[in-house]
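Work through the exercises below with the sequence and the model at hand. Try each task before reading its solution.

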Amino acid sequence: MPTDVGDEGNSAMGKTGSLDSVNPFRNERAFSAPTPHLVPRVLIVDDEPSLAEQLSAALTRIGCEAEAVFHGADALELLRCEPFDVLILDWIMPEVDGYKVVESLSDFSNCHWLSNMPLIVHSGLHPADIKLPRSSEKFEFIDFLEKPSDRSDLARAVAKALAYIRTAA
C-alpha cells in the first residue's frame, strides 16, 4: 500500500527514508532555469482541504512553492492573474470540476503562461474513466496520480512536468 503524502513513514521512499532520495530539486543544477520562476510554482486544486495541504507541504519540502485552493472556481481566478509552472488538479469536485477547469482554461488566451503549463491529474478515478474536454489538446497532461498518492510518485510527477517545461521552451 502506498505511503500517503502526509505520512512520515518511509515504506515508499527507498532505503534512506527521506525525500532526498527522490528529490528532483536537491541538486543546484536542477534549478538552472527549469521554469520562468527561480523556485517552481505549483498550484494544487483539490476539494479535500487536508489532502491539498498535505500535497502542498510535501512539495514545499522538496523545494517548490506550492499553493492550494479547494474549489475549481478559485483556481480559475488565480490562474487568470498569476502564473504557475505546474497544475495538480483533482478531477472530481463539486460545481467546477477538473473537466470544467481545463475547459475554461482554454478561454484564457491572454494568459501566455498557460500554454506551457503541464497538468497532473490527481484523482480517485481510474485514468480510463477521465474524459477530457475537446480543448484539452492545448495542454500537456503529464501524469496521473491516483489518490492517495505516494510522496515519491508526487515528486517524480512534478520532476517530469518540470522536464517537460525545459524541453518545451
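**Exercise 1. Cysteines**

Task: Decide for C81 whether the residue is buried or exposed, and do likewise for C64. Then state how many disulfides the structure holds.

Solution. Step 1: C81 has a relative accessibility of 55% and counts as exposed (buried means under 20% relative accessible area, exposed over 50%, partly exposed in between, with a 1.4 Å probe and protein chains only). Step 2: C64 has a relative accessible area of 5%, which makes this residue buried. Step 3: The number of disulfides is zero, a disulfide being a pair of cysteine sulfur atoms within 2.5 Å.

Before going on, note that this is a predicted model, in which local features need pLDDT of at least 70 and side-chain atom pairs count only at pLDDT 80 or more, while totals for chains, interfaces and linings use all residues. Residues are numbered from 1 along each chain as its sequence is written, and side-chain values use heavy atoms, with hydrogens and water left out.

**Exercise 2. The overall layout**

Solution. Step 3: Of the 169 residues in the protein chain, 46% are buried. Step 4: Among contacts (heavy atoms within 4.5 Å) with a separation of 6 or more, 70% come from residues 24 or more positions apart.

**Exercise 3. The sheet**

Task: Give the order of the strands in the sheet and name the edge strands.

Solution. Step 1: The five strands form an open sheet in the order β2-β1-β3-β4-β5, with parallel pairing. Step 2: β2 and β5 (140–146) are the edge strands, since each of them pairs on one side only. Two strands count as paired if DSSP finds at least two bridges between them. Step 3: On average, neighbouring strands of this sheet are turned by 20° against each other, direction ignored. Axes here are lines fitted to C-alpha atoms, for helices over the stretch in contact, and angles run from 0 to 180 degrees between N-to-C directions.

**Exercise 4. Strand β4**

Task: Explain why β4 is described as largely enclosed, and find which residues of its neighbours stand opposite V121 or bridge to V121.

Solution. Step 1: Six of the six residues of β4 are buried, so β4 is largely enclosed by the rest of the structure. Step 2: In a regular strand the side chains alternate between the two faces of the sheet. In β4, P118, I120 and H122 point one way, and L119, V121 and S123 point the other way. Step 3: β3 and β4 are paired in the parallel sense over three bridges, and L89 stands opposite V121. Step 4: The parallel pairing of β4 and β5 runs over six bridges, with F144 in β5 as the bridge partner of V121.

**Exercise 5. Helix α1**

Task: Which residues of α1 are buried, and what do they pack against?

Solution. Step 1: α1 covers residues 49–61, and its 13 residues reach 18 Å from the first C-alpha to the last, close to the 18 Å expected (1.5 Å times one less than the number of residues). Step 2: The buried residues are L51, A52, L55, S56, A58 and L59. They lie on the same side of α1, because they cover an arc of only 165° around the axis (the arc of the directions from the helix axis to the C-beta atoms). Step 3: These buried residues pack against β1 (41–45), β2 (65–69), β3 (86–89), β4 (118–123) and α4 (151–168). Step 4: Take S56 as one case: its relative accessibility is 9%, and it is in contact with I44, A66 and A68, leaving aside neighbours within four places in sequence.

**Exercise 6. Two backbone details**

Task: Locate E95 and the cis peptide bond at P148.

Solution. Step 1: E95 sits in the loop between β3 and α3. Its phi is near 65°, a positive value in a residue other than glycine, and E95 is exposed at 70% relative accessibility. Step 2: The cis peptide bond joins K147 and P148, with omega about -15°. P148 belongs to the loop between β5 and α4.

Technical notes
Helices (H or I, at least four residues) and strands (E, at least two) are DSSP runs, numbered from the N terminus.
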